[in-house]
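Biologist: I would like to go through the terms used for this structure one at a time, and to hear for each how the value leads to the word.

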Amino acid sequence: MGRKLDPTIKVKRGPGRKARKQKGAETELTKFFLSIRSVAISLLLSYYLHCQLLPIEKAARKQKKQTSVKPESDDDDDEEEEEEDDDEEKEDLKEDEDEEDTVQANFDETEQFKLPGAADRAKEGLLQMDLQTIHQRIRDNVDVLSHFTEKREEGKERSEYLSLLRSDLCTYYSYNEFLISKLMDLFPLSELIDFLEANEIQRPVTIRTNTLKTRRRDLAQALINRGVNLDPLGKWSKVGLVIYDSSVPIGATPEYLSGQYMLQGASSFLPVMALSPQEGESVLDMSAAPGGKTTYMAQLMRNTGMIVANDANADRLKSVVGNIHRLGVTNAVICNYDGRQFPKVMGGFDRVLLDAPCSGTGVISKDPGVKTSKDEADILRSAHLQKELILSAIDSVNADSPTGGYLVYCTCSIMVEENEWVVDYALKKRNVKLVPTGLDFGNEGFIRFKERRFHPSLKLSRRFYPHSQNMDGFFVAKLKKLSNTIPTAPKETGVSINYSSEDEVESTKTETAASSEQIQKPESKQRKPSSTPEKSNMGKKQKLKQKKSEPPIIRKKAGVKSENKKSDGPKKAKIPKLDGEASKKSKKPDIKQKVKELNGDSTKEEKKEKSQLEKKKNKMERKKLLKKNINRMGKNKFRKLKNVLGQQESGQ
């Protein structure tokens, strides 16, 4: 039943049990001492290396540990190796914790942090400092500022600590002073260090599944078969995948070339999810390049409706065309217009997406040049452009749309001037309101920032940061348009303030002209009844009617026409009421004519010729008055003049 042994084959056996025990004891002792020695050396080396590592390198190591995925296998040897690796990782974590505890204990025993003097700062400017000492000083400074009343040095103010911290952060992380001061205003100090360190690490590579051609499950299986290590992006996205490492280039696989997925950052998913375009709608993507958001909207709409992909840069539209063709989008129209002038081209869209050009302070990990190249002028310039774009985007939306009427505004910046300030400006200038974005995660937008106060509904906007959500810095706000009418700002107060002095001068001129004419009128009236008594009575009746009439512009024109037909006297008195400049021109001939009438020098023929000339002059003056609306009298001036004339007549 047992195994049969071949007697011809001799198997060499080892020593007996006793001999093995003796040899085992000796070897075990030597192994024990050697193991203790190796463990001590490894601990010392790991502690030394841990102390020498910069926080950026530590963060990179932690990310590698987190992203490393263990290969699955069914063999017993592989399972044993995995168990050993887990044990080693646990031991390393314990050692790191012990080292941190010892470092903390040593730090507590050390003396209190003191600010360097002026001489030490001058030496630092001349000599190159070690980054390790600068990093330690940053940590100590942050600790003192977080417990300022307890740990501050006597006689030192908070501003001195902050100025030292600002200069240290500039040298350690290679930022300019303007950007560091902006970030210090934006974040608490502990969160600021996390943000700066997160910007030193690249964000994970993410791809978006094109559901027009495949499903995420099938795409993931195909990429795993090609040696790609990936995972689902998160619960908030049904089409995203995170790629940790790959044996083939991600942008050159057959699946990529056939349009089954697109390389796209995780933060670029958010504005399209907030907009949520429906099937059959007309949607505008005001700055569409390179086409990631446009193609995502097309797959959500299932190639129905219409998408207008616009971009101001014609060179960048080439990538939009390529991606649209590769991904199989058939409901998109590409155009090249300036977004600020787009409402003049077309409008009436159900939904509009505006990914406005910005300073790029949220994508520093992709473009480290932002650290030193941006200043306050760049921020304000981009904010001015964004204000113009958001107004034109609102004007492109149709408020009467049965399913839409929404606008999503987003930027890849974290500056308040480019985000909350712009949205608050749009709320004041147009009939819109903020609505929830539909994104369950992210930080709320600012209602107040330093001396600025924004609309309370800006809490509904969302902010995303690299150190908290592990994606590029982003801002998303969703607006609902209430009406298509553009509200006009009240300009009456401003005009009255600007032009009050001119109005007073003009009113005084007209009053003096009217009073001088009224002095001369009674003399002419005394001599006119002998020749034409009926005309004089008609002129008096017309004057009374005009004084009673309230609307200044319409009734004046009618009065001038009737006077031209019937009598010459009232014409010249009413011209200065309408126009100050015309009154100056008409003063001299009026006085001369009245002097002639008083002296009896004028004849009937001269009167006829003069009446014809005056008619022509009046016609020319009417045309000038119609053209020059600025010089017309307002209601208030006309009423003042009427009251003054009434008082003078009653006094006479």
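Biologist: Why does Phe187 count as buried?

Modeller: This is a predicted model, and in it Phe187 has a relative accessibility of 5%; buried means under 20%, so Phe187 counts as buried.

Biologist: What makes Tyr465 buried or exposed?

Modeller: Tyr465 has a relative accessibility of 4%, and because the limit for buried is under 20%, Tyr465 counts as buried.

Biologist: The search of the whole structure finds 13 aromatic pairs. Why is the pair of Phe187 and Tyr465 called edge-to-face?

Modeller: The planes of Phe187 and Tyr465 are 70 degrees apart, and planes over 60 degrees apart count as edge-to-face; the centres lie 5.1 Å from each other, where a pair requires them to be within 6.5 Å. Phe187 belongs to the loop between helix 8 and helix 9, and Tyr465 to the loop between strand 14 and helix 19, so the pair ties together parts that are 278 residues apart in sequence.

Biologist: What makes the pair of Trp236 and Phe441 tilted?

Modeller: The angle between their planes is 45 degrees, whereas stacked needs under 30 and edge-to-face over 60, so the rest count as tilted; the distance from centre to centre is 5.2 Å. Trp236 lies in the loop between strand 2 and strand 3, while Phe441 lies in the loop between strand 10 and strand 11, so this pair ties together parts that are 205 residues apart in sequence.

Biologist: Why are Trp236 and Phe441 called partly exposed?

Modeller: The relative accessible area is 25% for Trp236 and 21% for Phe441, and partly exposed is what lies between under 20% for buried and over 50% for exposed. Both residues also belong to one aromatic cluster, together with Phe269, Tyr296 and Phe464.

Biologist: How do you know that strand 1 is largely enclosed by the rest of the structure?

Modeller: Four of the five residues of strand 1, residues 205–209, are buried, so the strand is largely enclosed.

Biologist: What makes strand 1 and strand 3 a pair?

Modeller: Two strands pair if there are at least two bridges between them, and four bridges join strand 1 to strand 3, which run antiparallel; Arg208, for instance, stands opposite Gly240 in strand 3. Three bridges join strand 1 to strand 4, again antiparallel, and there Arg208 stands opposite Met262.

Biologist: Why does Arg158 count as lying over the face of Phe148?

Modeller: Arg158 is at 5.3 Å from the ring centre of Phe148, and the limit for that distance is within 6 Å.

How values were computed. Residues numbered from 1 in each chain as written. Predicted model: local features only at pLDDT ≥ 70, side-chain atom pairs only at ≥ 80, totals over all residues. Heavy atoms only, no water. Buried < 20%, exposed > 50% of the residue type's maximum accessible area, 1.4 Å probe, protein only. Helix = DSSP H or I, 4+ residues; strand = E, 2+ residues; numbered from the N terminus. Phe/Tyr/Trp six-rings, centres within 6.5 Å; stacked < 30°, edge-to-face > 60°. Lys NZ or Arg CZ within 6 Å of the ring centre and 35° of its normal.
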